[in-house]
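I opened the notebook for a structure that is new to me. The entries below keep the order in which I looked things up.

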Amino acid sequence: MKKRRKVREFKPYSMFYACLVYLFLYLPIFVVIAFSFNTSKINITFEGFTFEWYWKMFENRQLMQSFGNTVIVAAVSTVFSVIIGTLCALGLYKFEFKLKNLISSSLYIPIVIPELVFAIALLIFFTSIHVSMSMVTLIIAHVTFSMPFVVITVRARLAGFDKSIEEAARDLGANEFRTFMRVTLPMISPGVISGGMLALTMSLDDVVVSFFTAGPESTTLPLKILGMVRKGVSPDVNALSTLMIFGTIVILLTSTLIQGRLEKRM
Amino acid sequence: MNQASEKVIVRLTNVDKNFDSERVVKKLNLDIEEGEFLTLLGPSGCGKTTTLRMIAGFEYPTEGQIFLEGEDVDDKKPNERNVNTVFQNYALFPHMNVFDNIAFGLVEKKVKKEEIQRRVEEMIKLVQLDGMEKRMPSQMSGGQKQRVAIARALVNRPKVLLLDEPLGALDLKLRKQMQGELKHLQRQLGITFIYVTHDQEEALTMSDRIAIMNHGYLEQVGTPEEVYNHPKTKFVADFIGESNIIEGYIENMTDNSIEVTMESGKAVIAEKGYRLEEIIYLCVRPENLKLSTDPVKGFRFRGQVREHVFIGSINKTMIELPNGQMLKAETPAEDELIPVGTVVNVYWNPGKVVVMRTKEEQIYNVIEQSVEIEGMTNDQIF
């Protein structure tokens, strides 16, 4: 943050280029935020400033319900992804077994496979075992695609992990569980947290997989927005999007802060 | 020495360790006494670290037993053994400050808070880290980290402290200083130290006894003086200090001297108990190898002076024998040097030579002894 670069070093054209890049990235977002405060119902001209759409949004029960669904699905699936993913990464780090490479690289298939294919596969799987789509199938689906991200981040953290530190804990009288709680987990926690954050954001804005695996009662916010947009983008969608953007920024900042503090201690 | 006060605290009997198909430690038998400073010395890959790790409980012997205080520890995990380890790379907990690192073992043992406070502070004083309680490991130098690692182990008052090349990562000056401090600590606390190193000088200066290992075998155990002055094997003679090792053949024997014929000449040694025509190794330390331009009685052993190297207090002279073997001789720096190229008579004080049997002769002797024993039993039977 505190880079003491002299302004002189910034050539005018590189400054111009940087501005273009940021404009390209953030202009659409600013437009959405701006129009969420627009008195006009049409997203073409800005007529006046109002909070009306925000109130309207909160009064929309269906919208609020899908928001609640999203939060529940994201929270539960993140917790499961983090637990399963961390254990998986630890297992892959600690034990040597046959076909380890194959097993570890097959974990990343849900990431590289086209999302639509993956979603349809899940749908076919659930129907073939006669499970109807509900909140549970939705959560299971979210865990399957977000868990590999936790494995990746935790394994990255473990790559530089010195095994003798765990041995030292054992040597000083800690059993396996105490060693994990007092030494291993605190040391890999930055990886666990960033994996969890990834899982959370993946789950929060997922459309494709949710579209196929959500039950009628478990519509998530992105699905709801998609449905609303079909009839044209209304200002309350803008308001909702704005809130979601701020929500994401808050989550991102907190995780960066926590991680920074954890890394600094090491 | 009082025999009764010597108690065996660590005993290894017929310990074998295999990693996959590789035998890393072979038929190791070793008794370590209470309160001694024992060094496991050997080149890298000789099995010394594996031996230490088996005592700590990180590895288990494939065959054989390990006893701690007379108890077989085959089913004991590292956290159930009354030994502590100082790791080569310190292995401090990076997320804990100095105080918490040192207190770790006491917290696990559920020692009372006030006592933890007192004992950790005591340790911090002992290893001279006063005022650094709140420092994180990442903010410390190698020497300081090493002190934390030692304090973290010692605070638990272990019966045995295991040290795995603890000074390997330090620079020479700091290493010398820490050697002294470690030795002092060991004397002061009276704890048994088992110290692993590949540095023979470190082993000689610090240890009460040295166990020299090579290719998984224990070659010799003894005091520094014993292993230096009376190496039992060619490897030990070569590994501890510098040695000239010359192969010879016993030509003639009197009551207490042996005439040896070597590829490059003849010499005498003051030894007995060998067989005529036996092939032996002579081990002569460079400081015992003498050079003369005049013939020496009993010796007909000549070589050419090849090089002089001045190293502070001594001169090293390299002599080439007719068969191409190079010998090293050391003379005090103030002595006059024999010019390079001169052919000189090489000799030694016949009592300052260590004789070692070759492997073949060792086997021969074992067979001969067993034949004798069989003969005896036959006599007794009939």
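How many bridges join strand β12 of chain B to β13(B)? I found five, between β12(B) (residues 258–262) and β13(B), and the two strands run antiparallel. I take helices (H or I, at least four residues) and strands (E, at least two) as DSSP runs, numbered from the N terminus. Two strands pair if DSSP finds at least two bridges between them.

Before going on, I note that this is a predicted model, where local features need pLDDT of at least 70, side-chain atom pairs count only at pLDDT 80 or more, and totals for chains, interfaces and linings use all residues. Residues are numbered from 1 along each chain as its sequence is written, chains are lettered from A and ligands numbered from 1 in the order in which they are written, and side-chain values use heavy atoms, with hydrogens and water left out.

**Entry: around β13(B)**
I see a hairpin of two residues joining β12(B) to β13(B), and M262(B) stands opposite G265(B). β13(B) also has two bridges to strand β16 (residues 300–311) of chain B, again antiparallel. There, K266(B) stands opposite R300(B). I list β13(B) (residues 265–269) as mostly covered, with four of its five residues buried. Buried means under 20% relative accessible area, exposed over 50%, and partly exposed in between (1.4 Å probe, protein chains only).

**Entry: the open sheet of chain B**
I traced six strands in the order β6-β7-β8-β3-β9-β10, with mixed pairing. From one strand to the next the twist averages 20°. Strand β3 (residues 37–41) runs parallel to β9 (residues 209–214) in chain B, with four bridges between them. In this pair L41(B) faces I212(B) as its opposite residue. Helix α5 (residues 172–189) of chain B lies across β3, β7 (160–164) and β8 (192–197), at about 155° to β8(B). For such angles, axes are lines fitted to C-alpha atoms, for helices over the stretch in contact, and the angles run from 0 to 180 degrees between N-to-C directions.

**Entry: chain A**
I counted twelve helices and zero strands. Of the 266 residues in chain A, 39% are buried. The C-alpha atoms fill a box of roughly 70 × 65 × 30 Å along the principal axes.

**Entry: helix α8(A)**
Why is helix α8 of chain A largely enclosed by the rest of the structure? I found eight of its nine residues (163–171) buried, so the helix is largely enclosed. Among them are I165(A), E166(A) and R170(A). The buried residues pack against α3 (61–94) and α9 (176–204) of chain A, and against elements of chain B including β6 and α2 (98–108). Just after α8(A), G173(A) has a positive phi of about 105°.

I placed S77(A) in helix α3 of chain A, and it counts as buried at 0% relative accessibility. Leaving aside neighbours within four places in sequence, S77(A) is in contact (heavy atoms within 4.5 Å) with I139(A), H142(A), V143(A) and S203(A). S77(A) and M147(A) are 70 residues apart in sequence and 8.8 Å apart in space, C-alpha to C-alpha.

I then looked up Y26(A), in helix α1 (residues 12–35) of chain A. Y26(A) is partly exposed, with a relative accessible area of 40%.
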